[in-house]
Amino acid sequence: MTFGELKPHLRLLLGPGPSPVHPRVLKAMSTNVVGHLDPDFLEVMDDCQQMLRELFGTKNRVTFPVSGTGSAGMEAAVCNVIEPGDKAIICVNGVFGTRMADVAGRYGAEVIQVEADWGMPIDPADLKKALDANPDAALVGIVHAETSTGVLQPMEEIGAMCKDHGALLLMDCVTSLGGVPVEVDKWGVEIAYSGTQKCLSCPPGVAPFTISERALGKMRERKNKVASWYFDVSMIENYWGSDRSYHHTGPITMNYAIREALRLIFEEGAEARFARHALASKALQAGVEALGLSMFARDGARTPTLNTVAITENIDDGGVRKQLLNDFNIEIGGGLGPVAGKAWRIGLMGHGARQENVVYLMSALEVIFKKMGYIDEVGEAVTAATRVYAEA
Ligand SMILES: Cc1ncc(COP(=O)(O)O)c(C=O)c1O
């Protein structure tokens with residue numbers, strides 16, 4: 001049997017992830033592999049933990065990249081603190097809140113859902129009602145940046161509310177970490193996880209994770225073992241902590257990758273990076289409006305990292321995305337679940353959140369829109385996006 005050489009297209013990844021991988025991350029991934037207990041690798045682990053604490057805004061000792069994608073982070077976050085019969089209030093305003101509720105249920109939680117319309121943030125008053133009605137709730141789970149709708153959840157009030165009610169707060173920051181501020185300690189978040197393929201501009205493969213001493217306390221008081229062997233933090237923490245005892249063979253290359261991605265973030269400076277994401281999103285929105293379209297997520301609650309564009313009925317959703325891919329090598333995402341066919345999801349994450357990408361996407365959309373008869377003239381969207389950058 002013979003197979004051809006691997007030759008994927010060189011795409012511009014402006015969908016919901018993976019985002020464009022920084023060339024320095026790719027280079028780090030071709031570094032020679034050492035053993036997972038090699039002193040050189042232990043140093044890599046220490047570096048990753050230190051930089052992740054800083055990025056998460058936490059002093060949590062147990063902070064490390066879980067082996068696996070963002071969903072592995074979600075499972076690890078849930079399974080360690082949930083025991084069968086625990087009440088978990090899960091906030092659901094999109095696909096990933098729905099997934100979190102599913103995961104919590106699978107680990108035996110009695111799940112109470114607090115819902116908001118897709119495209120809207122969770123109303124803290126609704127969460128308060130659920131907490132008042134369930135004073136014994138062990139956990140509140142929430143998604144910071146909902147990738148299916150483009151909503152950024154304001155977090156400030158929520159942590160204090162959970163603390164008052166004695167519930168642990170668990171936050172998904174898969175589409176926010178590295179693109180917008182994440183303040184685990186300041187917001188009173190006790191468990192958080194992310195992914196690498198979004199604002200860290202790494203391939204998918206490990207999931208940044210952090211857990212507070214208070215949440216670890218709940219884990220240590222469990223009556224039963226954590227149902228997942230692989231994600232049992234009481235064992236994994238011995239590998240990432242001072243014992244360095246074998247748990248599973250760490251994905252060496254992915255840890256090289258995340259280390260380089262984190263180094264890039266701190267070289268750029270977190271504030272400069274957040275400003276770059278905000279500006280790219282502002283330019284994109286200006287271009288979208290010049291095309292006669294509008295944003296899907298509610299104004300004032302949009303994440304700059306994942307921009308959802310409402311598709312009007314005259315537009316051929318699949319047709320436009322196919323032309324972007326085939327004629328321009330640009331990937332953007334379609335809607336998920338109830339939003340399928342109603343919105344595009346345009347990721348401007350990490351290395352992708354740059355002027356040249358926004359301007360190129362606008363020019364490609366203008367060519368396609370003109371050909372399909374959606375606009376009469378080309379140039380307005382590129383001009384609108386360019387103006388945002390020129391005036392910044
Ligand atoms: C908000 C959010 N949570 C969780 C996940 C799951 O991550 P993964 O697909 O890497 O397993 C994603 C993936 O897109 C996500 O956007």
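Here is a short walk through this predicted model, from its sheet to a helix pair and then to the ligand.

Let's begin with the sheet. Seven strands make it up, and they line up as β2-β10-β9-β8-β5-β3-β4 in an open arrangement with mixed pairing. The two edges belong to β2 (62-67) and β4 (110-115); each has a single partner strand, so one side of each has no neighbour in the sheet. From one strand to the next, the twist averages 20 degrees.

Inside that order, have a look at β9 (residues 191-193) and β10 (residues 206-211), an antiparallel pair joined by three bridges. Here I191 sits opposite I211 of β10. Towards the β4 end of the strand order, helix α5 (residues 124-133) lies across β3 (87-92), β4 and β5 (139-143), and its direction is at about 155 degrees to β4.

The crossing of α2 past α10 is left-handed. By class, their contact has 13 nonpolar, one polar and two charged residues. The α2 side includes F41, V44, M45 and D47, while I252, N255, Y256 and R259 are among the residues they meet in α10.

Finally, visit the ligand. Of the 14 residues around it, T69, G70, S71, T147 and V174 come nearest. Helix α3 (residues 70-81) gives the largest share of this shell, with three residues. Sorted by class, the shell holds six nonpolar, seven polar and one charged residues.

Conventions:
Residues numbered from 1 in each chain as written. Predicted model: local features only at pLDDT ≥ 70, side-chain atom pairs only at ≥ 80, totals over all residues. Near = placed C-beta within 6 Å. Helix = DSSP H or I, 4+ residues; strand = E, 2+ residues; numbered from the N terminus. Nonpolar A, V, L, I, M, F, W, Y, C, P; charged D, E, K, R; others polar. Left-handed = near helix turned anticlockwise from the far one by under 90°. Contact = placed C-beta atoms within 7 Å. Pairing = 2+ DSSP bridges. Axes fitted to C-alpha atoms, helices over the stretch in contact; angles between N-to-C directions.
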